[in-house]
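The sequence and the model are shown first.

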Amino acid sequence: MSEYAPEYTKRERIVLVLKMLAWAIPTYLVAQFWFFDWLSEYSENANCYNYGNINGVHLVLYGLFVFMPLSLGIILFLFEGVRSIKVIKFGQNPLPNEKVFRPTKYKYGAAAKVQPLGIFSIIIFLAGLSIWGGFQAHELTRDIKPCAVNKSLNQIGANNATSA
């Protein structure tokens, strides 16, 4: 067995990059030209939206402080966690017959487990950050100000009723 992992061919690299761009470009465009504008507008009046016992402010703050770090941790686990488990199990990095982009020597034993343990520490950090964010979001949403639009409409209605 060679001491270097097999490398992707130029054609395989191009195909991989095109596959990544096929989902990354539409995701970027949707986020840039629709989602961020929508989120900004929604956030300005979030306290005006009620979904049962949940207010729009809850959605924004829990989404920011809980869902975002948790979803990043889940995505990291889906992309790298399963591979990392295999690396720890086999004690070899890169895995047998796994292709790489540049010349990479195989690592065995404890040296092979450094990267996977780093990935799992990041995942654990993101999970902890999500838990901490839940407490912070709870504190920030204890006192939600009433909707300014509804208050303004009520005042206008009251002023019209008194002037009539």
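## Aromatic pairs

F35 is partly exposed, its relative accessible area being 32%; here buried means under 20% relative accessible area, exposed over 50%, and partly exposed in between (1.4 Å probe, protein chains only). The model is predicted: local features need pLDDT of at least 70, side-chain atom pairs count only at pLDDT 80 or more, and totals for chains, interfaces and linings use all residues. Residues are numbered from 1 along each chain as its sequence is written, and side-chain values use heavy atoms, with hydrogens and water left out.

Across the whole structure, a search finds eight aromatic pairs. Rings of Phe, Tyr and Trp (its six-membered ring) pair if their centres lie within 6.5 Å; planes under 30 degrees apart count as stacked, over 60 as edge-to-face and the rest as tilted. For W34 and F35, the ring centres are 6.3 Å apart and the planes lie at 50°, so this pair is tilted. W34 is exposed, with a relative accessible area of 51%.

W38 and Y42 form a stacked aromatic pair, at 5.3 Å centre to centre and 25° between the planes. Both residues belong to helix α1 (residues 10-44), where they are four residues apart, about one turn of the helix. Helices (H or I, at least four residues) and strands (E, at least two) are DSSP runs, numbered from the N terminus.

The relative accessibility of W38 is 40%, which is partly exposed, whereas Y42, at 10%, is buried. Ring pairs link W34, F35, F36, W38, Y42 and Y49 into a cluster.

## Salt bridges

Side chains of opposite charge can pair when their charged atoms come close. A salt bridge is counted when a side-chain nitrogen of Lys or Arg is within 4 Å of a carboxyl oxygen of Asp or Glu. The count comes to five salt bridges. One of them joins K99 to E12, with the closest N and O atoms 2.8 Å apart. K99 lies in the loop between β3 (92-93) and β4 (107-108) and E12 in helix α1, so the pair ties together parts that are 87 residues apart in sequence. K99 is partly exposed at 33% relative accessible area, and E12 is partly exposed at 27%.

R13 forms a salt bridge with E7, the closest N and O atoms being 3.4 Å apart. R13 has a relative accessible area of 29% and is partly exposed; E7, at 35%, is also partly exposed. In the salt bridge between R142 and E139, the closest N and O atoms are 3.5 Å apart. R142 is exposed at 54%, while E139 is partly exposed at 43%.
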